[in-house]
Amino acid sequence: MAGPIKNVPIGQILVENGFISEKQLNDALVKQRSSEGKMLGDVMLEMGLVSETQLAQALSIRLKVPFIDLSSRKINTDAVAKIPENVAREKVVFAFDINHGRLMVATNDPVNFYIFEDLKVTTGMEIVPQISTKTLIEASINKYYSSQAIDSTMTELENEKQDDSDLDLEKAESEGRIDNAPIVKLVNMMVETAFRNECTDIHIEPFKDRTRIRFRIDGELVEQEMKIPPEFHNSIITRIKILSGMNIAEKRIPLDGRYGTRIDGVNLDMRVSTIPCVYGEKCVIRLLSTADDKARKITDLGMTEYNYQMFEQIIRCPNGVMLVTGPTGSGKSTTLYATLGELSQPNVNIVTVEDPVEKKIDGVNQCQINAKAGMTFAAALRSILRQDPDIIMVGEIRDGETADIAIRAAITGHFVLSTLHTNDAAGTIVRLVDMGVAPYMVASSVVGIVAQRLVKLLCKECKETFVCENTEDLKLMSRTEPVQICRPHPGGCRACHNTGYAGRTAIHEIIVSSPDIKELISSGASAEEIGAQATKNGTLLLRDNVTKMVLAGRTSIDELVKATYTV
């Protein structure tokens, strides 16, 4: 669909339908001329002028081909099965219905007739193309082909169960029959489905009459529809143990392991942990994208322009300690990795001590903690100081000894990055003093503290606006008059997996260690006093940051309470 003749009407249609202004269209056309051979639609998407859906709808008007919203459409699974998964992925097409013997196919390129000729040969049916967005098509492919494959695997398992009902499962395991195809396929598909749903953890939990599978998506556990009979639980756990190099005979104590795989061209690293429960072993798999997934930039982490300027002041310091704080799962490691990505230069020696190394970064020397061998944070830090480092990253400050060495390293001219589990930025300073570091040393070494949380974003497709009149809620937002804000639609929609939320972003509270704050730290001031002074100096508290997002309709009052509520 190249060439300016077709592109101009698309732009005109977007203008006529109020999606963009004339000025935005002209800006996009100017940019398109400077970018080699890019289609106008792609240029507009990059510039953030239109959404994929708006572009597809405009294309639908332009070509007189109907637009189909796959997220809200009932899908006919018989139609899905007509096109093999590899063909659907390669050609970015998805069959969603059969109408009078004709196959209804969603595509993002309805002018490419060669695709439909090929599909006609493959399926032996007449093809009726309809326009949809690439994102919706890919999401549907991931969802429906995975669920079909899981259903067929479950059927295989059921058949096997009938054949083997008299065979003791323990005996089957000892004979190595655990590598039978259905179990292997089931575990692989579980991990693939989790990865495609952008899930961070898989929970496999044994109960009396079933095995429950839950995925943690956007910080919430979502139960999956896989109905796994309890007799297969041991086989699944054994398969995962074999993959991650754990002892399959040991079922009485917690075990840890890890393994890697490749899904959709991305190398995936998995940390596996099992723990014995009443009805068998519970297993949790943490999914970590490895080095191929480039460390994200700080600007991609949701830091506001104002906070980013404060953050830049901190990382410009040639020496000192920068601490990132927050509860487990608040994205501290991601922020540290993004910071290292920003600081990594050919003329700088960066060494990290981590437990474990979660993401491998090119050009950074990363060391793994091994407590059994005596490689603790403190021991590793002492050795690193003899490695001529410029920047040191300590995965976590867990005790007074590590804190002391990290702070001494900063005083002797190194830039040290680390994390600490505290609730807010000001409390971090008091925690260091509690760990036994002298207040004057904390004052002279700490250059900045970033406290952060992750906040879920409302689904753009189904969020509802309402006028908030609840006095308690208004008080949380420091408002006295009713205000119009948004909330999730009860039951959500298909685009957000019926949760009402889609995606997360980080919120930050940043304290830059100015002379007046250093003075307060040296005199042993409380967290409240340090916090009050920081606010005077321009620090925006976590609550202020979320309040802005609530008022802008990006998140809900529930998320404000979750992220910042204290008694």
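# Reading contacts in a predicted model

User: Which residue forms a salt bridge with Glu220?
Analyst: The closest N and O atoms of the pair that includes Glu220 are 3.1 Å apart, and a salt bridge requires a side-chain nitrogen of Lys or Arg within 4 Å of a carboxyl oxygen of Asp or Glu. The pair links distant parts of the chain, 342 residues apart, with Glu220 in strand 6 (residues 220-223) and its partner in helix 22 (residues 557-564). Such helices (DSSP runs of H or I, at least four residues) and strands (runs of E, at least two) are numbered from the N terminus. The partner of Glu220 in this salt bridge is therefore Lys562.

User: At which pLDDT do side-chain atom pairs count?
Analyst: Residues are numbered from 1 along each chain as its sequence is written, and side-chain values use heavy atoms, with hydrogens and water left out. This is a predicted model, in which totals for chains, interfaces and linings use all residues, local features need pLDDT of at least 70, and side-chain atom pairs count only at pLDDT 80 or more.

User: Is Lys562 buried or exposed?
Analyst: Buried means under 20% relative accessible area, exposed means over 50%, and partly exposed is in between, as found with a 1.4 Å probe and protein chains only. Lys562 has a relative accessible area of 55%, which makes Lys562 exposed.

User: How many salt bridges does the count come to?
Analyst: Side chains of opposite charge can pair when their charged atoms come close. Besides separate pairs, there is a network of salt bridges that links Glu205, Arg212, Arg214 and Lys282. By the rule for salt bridges, the count comes to 23.

User: Why are Lys23 and Asp27 separated by about one helical turn, and how many residues apart are they?
Analyst: The side chains of Lys23 and Asp27 meet in a salt bridge, with an N to O distance of 3.1 Å. Lys23 is exposed at 59% relative accessible area, while Asp27 counts as partly exposed at 33% relative accessibility. They are separated by about one helical turn because, within helix 2 (residues 22-34), their spacing is 4 residues.

User: What is the relative accessibility of Arg196?
Analyst: Arg196 and Glu192 meet through their side chains in a salt bridge of 3.6 Å, N to O, and they are 4 residues apart in helix 10 (residues 181-196). Glu192 is partly exposed, with a relative accessible area of 29%. Arg196, however, counts as buried, because its relative accessibility is 17%.

User: What is the angle between the planes of Phe94 and Tyr144?
Analyst: Rings of Phe, Tyr and Trp (its six-membered ring) pair if their centres lie within 6.5 Å, and planes under 30 degrees apart count as stacked, over 60 as edge-to-face and the rest as tilted. By this rule the count comes to 1 aromatic pair. Phe94 and Tyr144 form this pair, with 5.8 Å centre to centre, and the pair is tilted, since the angle between the planes is 40°.

User: Over the ring of which residue does the charged end of Lys456 sit?
Analyst: A charge sits over a ring if NZ of Lys or CZ of Arg is within 6 Å of the ring centre and within 35 degrees of the ring normal. Arg487 lies over the face of Phe466, at 4.3 Å from the ring centre. For Lys456, the charged end is 4.4 Å from the centre of the ring of Tyr501.

User: Which residue does a polar contact join to Ser514?
Analyst: Ser514 lies in the loop between strand 18 (501-512) and helix 19 (515-522), and its 18% relative accessibility is why this residue counts as buried. A polar contact is a pair of N or O atoms within 3.5 Å; within protein, one must be able to donate a hydrogen and the other to accept it, and residues adjacent in sequence count only if both atoms are side-chain atoms. At 3.0 Å, such a contact joins the side chain of Ser514 to that of Asn537.

User: What is the phi of Asp388?
Analyst: Asp388 has its place in the loop between helix 14 (377-384) and strand 13 (391-394), and at 61% relative accessibility this residue counts as exposed. Although Asp388 is not a glycine, its phi is positive, at about 50°.
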